[in-house]
Amino acid sequence: MQKRRLSGRRPLLLAVGAGVTAAALTAGVTSAFAATVFSDDFNDGNTSGWSKSGGTWTVDGSGVLNQSNAGSELARQFAGQTSWTDYSVQARVRPASFGSSSALVGLAARSTSSTKMYRLALLGSGRAELQAVNGSSVTAIGSAALGVGTGTWYTLRIETSGSTIRGFVNGTQIASGSNSLTGAGRIGLVTAYASGGFDDVTVDSSGGGTPTTPPPTTTPPPTTPPPTTTPPPAGWPTPTGSQKVDATIAVSGTFDGGLKRYYGIGDGGQSESQDPMFELAAGATLRNVIIGAPAGDGVHCEGNCTLINVWWEDVGEDAATFRGGTTYTVDGGGARSASDKVFQHNGSGTVYIKNFRVENAGKLYRACGNCSTSYQRHVVIDNVIVRDTDAIAGINTNWGDTARFSRITIIGDPDRETSICVKYKGVPKGSEPTEIGEGADGVNCLYSPSDITYQ
């Protein structure tokens with residue numbers, strides 16, 4: 001799936017420096033220490049606002065800036081202002097090829113020239129290294145062995161605050177140190193004897209905060225879910241009628257089914273690529289619908305969507321698949337008899353699931369671990385009843401996914417066998433992701449014991 005293209009957004013660039021006040025920034029930026037001062041997702045198809053030094057740079061049809069000359073000794077794109085001092089810069093970076101173990105694809109901060117900068121590099125050796133670069137002299141501030149590979153997106157972030165420099169990969173700090181090489185300078189995208197892709201560059205003037213896996217393409221989910229007083233449904237509704245469906249129902253705007261049962265698509269099983277019962281256009285709302293069996297691939301959201309009081313009596317391939325948007329909301333309703341997963345998150349952004357019940361399922365939510373595009377994805381699950389379900393959420397921690405839980409009630413699980421948050425290593429399309437752990441960690445899986453109630 002290609003990245004959703006926005007409407008020709010050009011780089012946003014504001015001044016930022018030590019002692020800058022809100023008044024010194026443009027209107028709409030309320031704090032000099034919490035302001036986005038630059039951003040570029042390259043969806044306008046060009047590199048306006050950037051200056052090239054070496055390499056072969058092009059923006060492809062999915063809105064990714066690529067440097068394709070793997071033989072280039074040092075290829076760079078610079079943006080921003082030389083007067084920038086304390087700030088953080090973040091970008092998604094995807095190595096495509098390494099010419100050697102010392103070859104690199106990375107991100108730069110406080111660059112005062114084409115060869116003087118702080119650099120967070122993904123190396124051909126599989127390590128990530130935070131470096132102070134002064135011409136041919138490279139000083140390692142710190143590094144970590146991450147098993148860096150080609151074809152995978154990594155979220156890189158450099159934070160500069162005074163002489164303190166920090167480097168983060170997928171939200172985890174891999175290096176921090178004091179260095180006085182440069183006190184101000186521009187940002188940069190860098191390769192050396194390597195090729196790679198770059199996307200979703202942002203700079204903010206917070207300078208020195210410690211983030212916890214902020215998403216590269218979407219607004220992060222809130223610390224707490226939106227307030228709600230609606231309890232999860234106590235039981236399953238009785239249909240007001242039944243309607244056999246022979247072809248996918250396209251929804252634009254709002255479709256209210258009046259709690260009628262709809263059935264008749266697909267084979268009722270887990271076979272892939274079945275047609276959906278409902279296909280929702282961007283911004284559409286589906287409400288008061290009971291989806292019977294067979295129901296094919298349930299509901300497809302082609303953009304932002306809202307599902308209100310939607311019930312799945314017998315989930316087939318999936319209950320709903322979130323594809324092309326950035327914000328998806330499931331409010332009320334329930335799903336049962338899902339041998340695999342209930343909600344499949346293929347697109348970018350955040351899925352909100354609240355006031356819901358799930359019974360006899362594999363997983364309530366799964367962030368795609370091997371889709372054609374490896375987005376960073378997020379889910380916020382609140383006020384949900386769980387029964388006879390293997391896991392509530394599965395996420396890919398190597399891509400910086402997060403899952404946040406609150407007011408979860410698990411029924412009939414005295415041995416506490418239901419997994420709250422399962423962690424996977426996401427992989428390219430055609431491979432199978434591997435499970436690498438589970439449980440709260442304060443970074444990707446976010447909950448405390450008080451958020452989970454057993455009955």
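Colleague: Why is the disulfide of Cys368 and Cys371 called right-handed?
Modeller: Because the torsion about its S-S bond is about 105 degrees. The model is predicted, and local features need pLDDT of at least 70, side-chain atom pairs count only at 80 or more, while totals for chains, interfaces and linings use all residues. Residues are numbered from 1 along each chain as its sequence is written, and side-chain values use heavy atoms, with hydrogens and water left out.

Colleague: What makes Cys368 and Cys371 a disulfide?
Modeller: Their S to S distance is 2.1 Å. The cut-off is two cysteine sulfur atoms within 2.5 Å.

Colleague: Why does Cys371 count as buried?
Modeller: Its relative accessibility is 14%. Buried means under 20% relative accessible area, exposed over 50%, partly exposed in between, with a 1.4 Å probe and protein chains only. Cys368, at 4%, is buried too.

Colleague: How many disulfides does the structure hold?
Modeller: Three. Counting bonded cysteines along the chain, the pattern is 1-2, 3-4, 5-6.

Colleague: Is the disulfide of Cys301 and Cys305 right-handed or left-handed?
Modeller: Right-handed, because the torsion about the S-S bond is about 90 degrees. The sulfur atoms are 2.0 Å apart. Cys301 and Cys305 are both buried.

Colleague: What is the handedness of the disulfide of Cys421 and Cys445?
Modeller: The torsion about that S-S bond is about -65 degrees, so the disulfide is left-handed. The pair links distant parts of the chain, 24 residues apart. Cys421 is in strand β29 (residues 419-425) and Cys445 in strand β31 (residues 445-446). Strands are DSSP runs of E, at least two residues, numbered from the N terminus. Cys421 and Cys445 are both buried.

Colleague: Which residues touch the most other members of the largest nonpolar core?
Modeller: Phe278, Trp312, Phe343 and Ile353, in a core of 52 residues. Strand β26 (residues 349-367) gives the largest share, eight residues. Another core, of 39 residues, lies apart from this one, and Ala79, Ala175, Val201 and Val203 are among its members. A nonpolar core joins buried Ala, Val, Leu, Ile, Met, Phe, Trp, Tyr and Cys through side-chain atoms within 4.5 Å.

Colleague: What does Phe278 touch, not counting residues up to four places away in sequence?
Modeller: Its partners include Thr248, Phe255, Tyr262, Leu286 and His300. Contact means heavy atoms within 4.5 Å.

Colleague: Why is the pair of Tyr262 and Phe278 called edge-to-face?
Modeller: The planes stand at 75 degrees and the ring centres are 5.5 Å apart, so the pair is edge-to-face. Rings of Phe, Tyr and Trp (its six-membered ring) pair with centres within 6.5 Å; planes under 30 degrees apart are stacked, over 60 edge-to-face, the rest tilted. Tyr262 is in strand β19 (residues 254-263) and Phe278 in strand β20 (residues 278-280), so the pair ties together parts 16 residues apart in sequence. Tyr262 and Phe278 are both buried.

Colleague: What kind of aromatic pair do Phe42 and Trp50 form?
Modeller: A tilted one, with 35 degrees between the planes and 5.8 Å centre to centre. Phe42 and Trp50 are both buried. The structure holds 14 aromatic pairs. Trp312, Phe322, Tyr328, Phe343 and Phe356 form one aromatic cluster.

Colleague: How far from the ring centre of Trp153 is the charged end of Arg92?
Modeller: It sits over the ring, 4.3 Å from the centre. The rule asks for NZ of Lys or CZ of Arg within 6 Å of the ring centre and within 35 degrees of the ring normal. Arg336 lies over the face of Trp236, at 4.3 Å from the ring centre.

Note on methods
Helices (H or I, at least four residues) and strands (E, at least two) are DSSP runs, numbered from the N terminus.
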